[in-house]
Amino acid sequence: MAPTVPHPVPRRPPERKPTLIGSVRRALLLLEIVSEYGEVTAKRVSRTAGLPLATTYHLLRTLVHDGYLHHERGRFRLGPAAHRLGGEGQGGGARLPDWLRALHEELDAPVYYGVFVAEEVELVAYADTPERPAVEEWTEFRSSAHAHALGQCLLAQLDPDARRAYLSRHPVGRLTPRTVPDEEALMRRLSGIRRGAPVHEWEEYVLGTVCAAVPVSVGAVRSAVAVSLPVAERERLRGTARKLQLRLEQTLLTQAFTVVL
């Protein structure tokens, strides 16, 4: 008797996966980043996107050529073609640059927004005017987080091990005679900051300027908003910080805004 031959099991045709064009995806990512920053340098776009600087420059130049971006004095912002993509009158949350500008006008002080992302402290955006100029970033922002209110506010949101890891990459150093003297003194200060409380800094980053920062809760993002004032107006700092905290609480209850990760 001949052996029984099993019928072959019909094979499913393999699923066809969509073809993803990497350069298109990267270009769209850069548009999203520029949109969130408002205005931004190629170097910061490169760092945020995690792309080589040469690749970033090539994509940015292409987007400028086609009108999706505008390039002026080393900074990029959305161009007319990008605005046409969204149409007119789109709803949604407040754009970060507009939100910061409104805070700046209300508080009569430069306003800064920073995040802790990819294990680094990053200044995302700020709003100022010639009459109320922002503090000059005379030393790299991420390496001096121990000395300014925005950095201290972000570090205070980390656990002690994460703080130590950060400070191992960016050691505490004196920037002015008022800067916290060493890592242990900074760790004690950070551990004493109450959750959600403003952080004040008195001429620690640069002489002649005092600052305050308030933590912001936006999902899992560790972020903060800060203000700076000339030292001659130091009496305004605590009141301005309280007003900022109140405004942040009201804003986060009534509207959304997006941040760059």
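Visitor: Leaving aside its neighbours within four places in sequence, which residues is L244 in contact with?

Guide: L244 is in contact with L103, L107, V214, V225 and V227, once the neighbours within four places in sequence are set aside; contact means heavy atoms within 4.5 Å. The model is a predicted one, in which local features need pLDDT of at least 70 and side-chain atom pairs count only at pLDDT 80 or more, while totals for chains, interfaces and linings use all residues. Residues are numbered from 1 along each chain as its sequence is written, and side-chain values use heavy atoms, with hydrogens and water left out.

Visitor: OK, and how many residues does the largest nonpolar core have?

Guide: A nonpolar core is a set of buried Ala, Val, Leu, Ile, Met, Phe, Trp, Tyr and Cys residues joined through side-chain atoms within 4.5 Å, where buried means under 20% relative accessible area, exposed means over 50%, and partly exposed lies in between (1.4 Å probe, protein chains only). The largest one has 40 residues, and those with the most contacts inside it are L30, L100, V225, V227, L244 and L248. Helix α1, residues 22–37, gives the most to this core, with 6 residues. Apart from it lies another core of 25 residues, with F116, L154, L186 and A226 among them. Helices (H or I, at least four residues) and strands (E, at least two) are DSSP runs, numbered from the N terminus.

Visitor: Is β5 enclosed or open?

Guide: Strand β5 (residues 120–127) is largely enclosed by the rest of the structure, because 7 of its 8 residues are buried.

Visitor: Switching to charges, how many salt bridges are there?

Guide: There are 17 salt bridges in the structure, each being a side-chain nitrogen of Lys or Arg within 4 Å of a carboxyl oxygen of Asp or Glu. One of them joins R247 to E106, with the closest N and O atoms 2.9 Å apart. That pair links distant parts of the chain, since R247 sits in helix α9 (residues 237–254) and E106 in helix α5 (residues 96–107), 141 residues apart. R247 is partly exposed at a relative accessible area of 28%, and E106 also counts as partly exposed, at 29%.

Visitor: And E120, is it buried or exposed?

Guide: E120 is buried, with a relative accessible area of 11%. Its side chain meets that of R142 in a salt bridge, at 3.9 Å from N to O. R142 lies in the loop between β5 and α6 (149–156) and E120 in strand β5, so this pair ties together parts that are 22 residues apart in sequence. R142 counts as buried, at 15% relative accessibility. The side chains of R169 and E120 also meet in a salt bridge, at 3.7 Å from N to O. Here the parts tied together are 49 residues apart in sequence, because R169 lies in helix α7 and E120 in strand β5. R169 is partly exposed, at 37%.

Visitor: Which residues are linked in that network of salt bridges?

Guide: The network links R44, R47, E120, E122, R142 and R169.

Visitor: Last one, how many disulfides does a search of the whole structure find?

Guide: The search finds 0 disulfides, a disulfide being a pair of cysteine sulfur atoms within 2.5 Å. As for cysteines, C153 counts as buried at 2% relative accessibility, and C211 is buried with a relative accessible area of 11%.
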